[in-house]
Amino acid sequence: MDELTTVVRDYIIREYLEEGDDREITETTLLISGGIVDSFSMVSLKRFLEKKYSIRIPDADATPDAFDTVQRIAELVRRFQTVASSA
Amino acid sequence: MSNLPAYQELTANFDWSIAERELGYKPGGPINIGAMCSDRLCDLGLANKVALLWEDCQGNTKRFTYDDIRVLSNTIARFLCDLGIQPGERVCLFMDRVPELYIGFLGILKTGAVAQPLFSAFGEESLLVRLGDAGTSAIITQKKHVHKVRKIRGQLPKLRHIVVVDAGRAPLQECETSFQMDQAPRVEQFPVYPTTAESPSVLHYTSGTTGQPKGAQHVHYSLISQYLTAKWALDLRPDDIYWCNADPGWVTGTSYGIIGPWSNGITQVVLDSGFNAERWYGFMEKYRVTVWYSAPTAIRLLMKEGREVAQKHDLSSLRHLASVGEPLNPEAVIWSQQLFKKPFHDTFWQTETGCIVITNLPGMPIKPGSMGKPFPGITATVLDAKTYEPLNQPGVAGLIALRPGWPSQVRTYWNNETGFKAKFKNGWYLCGDRASIDADGYFWFMGRDDDVINTGGHLVGPFEIESALLGCPGVAESAAVAKPDPVNMEVVKAYVTLKPGFEGSDDLELEIMNHIRKRLSPLAMPQEIEFVDSLPKTRSGKIVRRILRCKEFNEPVGDLSTVMDD
C-alpha cells in the first residue's frame, strides 16, 4: 500500500468508523455501497482530500462510484494531482 | 392499467371503513399492527408466502415467510416481556436495515409497547435528545452502534436495557443483553397485547424550526390508512415484489417499508447497502421487483450515474414507480418515462400525516412536477398565510392544510402538547409547506413555510444544528439554513461567527463539519460553512435565518423593519 492509499485508509478508519467498530478497511472495502461512508459524508471526505493534496475535485467527478473504495479514491486524487501539476 | 376506478368516483364514494372491512377490524375491538402484519396473514392462508427477501452489501441473503415473521416477532415479544417491558413503554430500534429491525418492530407492537425507530447514522447527541425526551426503557441495537449508546447511557436514567442482536462473543456491559434472533428458541404462540384503535404504536421524531425534535405519536388505528394507501397509491397487488428504499429510522420506512406491504400480504425485498447504481439495478433485476418506492435524491443520483448502467440490466419487471420525500422534478419524471417506459408517481406526506395524503394515483394523468391530488378521504387545500382561509384561487400559493380526522394523523407530540396544538389553525392542520393548486385540482409544491431544511427527503431542524455548533471550537454564534442543491434539493449551510482569537480556515471548516457529522448525523452536517463577522438579528437579538436563506436562494428578503441595522 503506497503512502497516498495509506493516508486515505487511515483517515477513513479514524473519521468514519465508530469507536469499537473493528471492521478491517482494505483498499477494496466497499465504502459507500458498504454503508461505511454515505453520500452526505462524502462531502467532508472530498474536502479533506482537496485540502490535504491541494487539488480541486469537480462535483461531477465526485460520484458515489468514484468514492466507493480506498483504491478508487486514491486513483481519483492522483488524476487531479496530475491535472494540477500540468496546469 | 390500474385496478382503481376514476378519481372522481373514488373520492365521491370513499369511506375509511373500506379498509376496516378488508382488514377485518371491528370498531371498538382490538387492533394491533404487529399481529395484523403477521398472524392475520397466516390465518388467511399466507403462512408459507415469502414476506421478506433480504440481502446485504456482501451478497448474503435471508428469506422469511409470513409464518417466520409471525413466530420470530413472537420470539422478540416474549424476550421483551421477560425483560420486564410493559405496555406503553418506549422501545427504540437503532439498527441498520437488518431483519431484526423489521421483525423487531412487529414484536415490540405485539407486547403493547411503543416502537421508537431511530436512524442508525445518528450520532450520540441526536440519540441522547430523542431517547431522553421519550424516556425510552430499552434500545435494540447492533454491536457496531452500541458504543454510541454507551457514551450517553449515564445521562439516560430511564434506559434499563440495551439489547445487542449480534453480540456473539463480544463482551457486554451492565444492563446489556445479547439476543440473537436466529438462535433464540422460537415462540409459536404469544398472547398479543389487546391494543385498541387509540393505543400508542409508533413514536417517530421529526424536526421543527424551534426547539429540539418532536416525537410524533401514532396509534394502532393508523394501520387503516397505511394499508389502503399502500394498496391504492402504491398499487400493491398480491403477486408483487416490492422494494421501498427508505430506512425504517424514518416514517417512510415504517409506514411503507413495514406496515403497508405486510398488512397487504406482499413480498418485499430489502437491500442493506448504501447507494450504488450498479448494485441497485442488479438487485431489482435479480428479484424481479415490480413496485419500487424511492426518493428524488436517489433518483437524481441514478440519473447522475448515467442511463448506460441501467441499460445493462433487465428491468422489465418494474410495473409501478413512486417517489416521496421532496418534490420530484419534471426531469426525473421524464427520465424514468424514457428509461423504464413508465413515470415515477410523486407522493406527498410527512411524519405527522402517517400516510400518503396527496398523490398521483395509478391511472391518473401525471403532470410532471406536480404532487398530484388529495388521496380519497383526505380534504386538502392551501390557506392564506394571514387569514388561514382557503384561497380557492388556481395558481395562487398558500399553506398546505389538511382537515383533521384521517386514521394515521399524529395524535400528539410526546411531552409537547403545546407544540402540537400550534400546528392547527382555523380547524386545519398545517403541514408547514407551501403550494398552489391548479384549475384541475393538482397541487404544486413551492417550498417550506419555515426554517426547516429538507435535505435528501429528510427534515433537519436548524436549532439542533446550531446547538451542536456551539460545542465546536471557536464558534460564538451560528445560523443553519437551507442551501439549494442539485441532488439533495437542499443541504445545510452554516453561517458562523467566531470567538476572539479564532480565524476561519479550511482546517476549522473541516473540523466543524466532522464534529456535526459525528455528534448529530451526516444529514445535519453543514456542506458549507461561511465565517462571518455578524449575523442578522432582530432588535430583541433573535437571529433572522430568513435573510440568510433568501440570500442562498436568490430570493427577495421582504420586510426588514424588525432587523437591526449593522
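Hi everyone, a few ground rules first. Residues count from 1 along each chain as its sequence is written, while chains are lettered from A and ligands numbered from 1 in the order in which they are written. Because this is a predicted model, local features need pLDDT of at least 70 and side-chain atom pairs count only at pLDDT 80 or more, with totals for chains, interfaces and linings using all residues; side-chain values use heavy atoms, leaving out hydrogens and water.

Let's start with helix α17 of chain B, residues 506–519. Helices here are DSSP runs of H or I with at least four residues, strands are runs of E with at least two, and both are numbered from the N terminus. From first C-alpha to last, the 14 residues of α17(B) reach 20 Å, close to the 20 Å expected at 1.5 Å a residue (that is, 1.5 Å times one less than the number of residues).

Which residues of α17(B) are buried? Among them are B:Leu508, B:Leu510, B:Ile512 and B:Ile516. Buried means under 20% relative accessible area, exposed over 50%, and partly exposed in between, using a 1.4 Å probe and protein chains only. The buried residues of α17(B) pack against elements of chain B, including β25 (475–485) and β26 (489–498), and against α1 (3–16) and α2 (42–53) of chain A.

Now take α2(A) with α17(B): their angle is about 155° and their axes are 10 Å apart. Axes are lines fitted to C-alpha atoms, for helices over the stretch in contact, and angles run from 0 to 180 degrees between N-to-C directions. The two helices are therefore roughly antiparallel; under 35 degrees counts as roughly parallel, over 145 as roughly antiparallel, 65 to 115 as roughly perpendicular and the rest as oblique. Residues making this contact (heavy atoms within 4.5 Å) include A:Arg47 and A:Phe48 of α2(A), and B:Asp506 and B:Met513 of α17(B).

Within chain B, α12 (residues 296–305) and α14 (residues 330–340) pack at about 60°, again with axes 10 Å apart. So α12(B) and α14(B) are oblique to each other. Here B:Ile299, B:Leu302 and B:Met303 of α12(B) meet B:Glu331, B:Ala332 and B:Trp335 of α14(B).

Finally, where does B:Val192 lie? In the loop between β7 (176–178) and β8 (200–206) of chain B. B:Val192 is partly exposed, with a relative accessible area of 23%. B:Leu109 is 83 residues away in sequence, yet 8.5 Å from B:Val192 in space, C-alpha to C-alpha.
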